[in-house]
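Hi,

Here is the structure I promised to pass on. Have a look at it first, and then read my notes below.

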Amino acid sequence: LDPNRDWESFDEIFDNVETSCNDLLGSESLLEKSVMKKISEILKIELQPFIEMSDACRRVIHKPEGYAGDYVTIDTIYNNEPSGTGKIGRLLDCYALDLVAAQAVRNRRVMI
């Protein structure tokens, strides 16, 4: 994993995908709710196998301890060491661990 080359390219691509999805399905969308729901369902089916390549994302999706913020997930966020299946999994983990919510969890640790 080349943190400079791979991450910058992936981060830019994923930001564009996220922005496009928000434009299409967000609160400002001009689409009917039923169409937005169908598109969301299709995106989930198509993208979930890739997202689950990220170890952190897989834990949050499946909630193995019954909820998304269990001790293992929080520890994963604190450690901030991307892992996952293959390069895509690690890059997705990088992206997830760099989200504002994950940064807030790490910042909270300093205050505890």
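A word on angles before anything else: under 35 degrees counts as roughly parallel, over 145 as roughly antiparallel, 65 to 115 as roughly perpendicular, and the rest as oblique. The axes themselves are lines fitted to C-alpha atoms, for helices over the stretch in contact, and the angles run from 0 to 180 degrees between N-to-C directions. Helices here are DSSP runs (H or I, at least four residues), numbered from the N terminus, and strands are runs of E with at least two.

Please keep in mind that this is a predicted model, where local features need pLDDT of at least 70 and side-chain atom pairs count only at pLDDT 80 or more, while totals for chains, interfaces and linings use all residues. Residues are numbered from 1 along each chain as its sequence is written, and side-chain values use heavy atoms, with hydrogens and water left out.

Now for the helix pair. Helix α4 (residues 71–79) and helix α6 (residues 100–111) have axes that come within 9 Å and cross at roughly 85°. The two are therefore roughly perpendicular to each other. On the α4 side, Ile74, Ile77 and Tyr78 make the contact, and α6 brings Ala102, Val105, Arg106, Arg108 and Arg109 (contact means heavy atoms within 4.5 Å).

Next, have a look at helix α3 (residues 55–62), whose buried residues are Ala56, Cys57 and Arg59. Seen down the axis of α3, they fall within an arc of 160°, so they line one face of the helix. That arc is taken from the directions from the helix axis to the C-beta atoms. Buried means under 20% relative accessible area, exposed over 50%, and partly exposed in between (1.4 Å probe, protein chains only). Among what covers these residues of α3 are α2 (33–51), α4 and α5 (86–97). Just after α3, Lys63 takes a positive phi of about 45°.

How many salt bridges does the structure hold? There are 2, a salt bridge being a side-chain nitrogen of Lys or Arg within 4 Å of a carboxyl oxygen of Asp or Glu.

- Arg58 pairs with Asp55, with the closest N and O atoms 2.3 Å apart. Both lie in helix α3, 3 residues apart, about one turn of the helix. Arg58 counts as partly exposed because its relative accessibility is 29%.
- Arg59 pairs with Asp70, with the closest N and O atoms 2.8 Å apart. This pair links distant parts of the chain, since Arg59 is in helix α3 and Asp70 is in the loop between α3 and α4, 11 residues apart. Both Arg59 and Asp70 are buried.

Cheers
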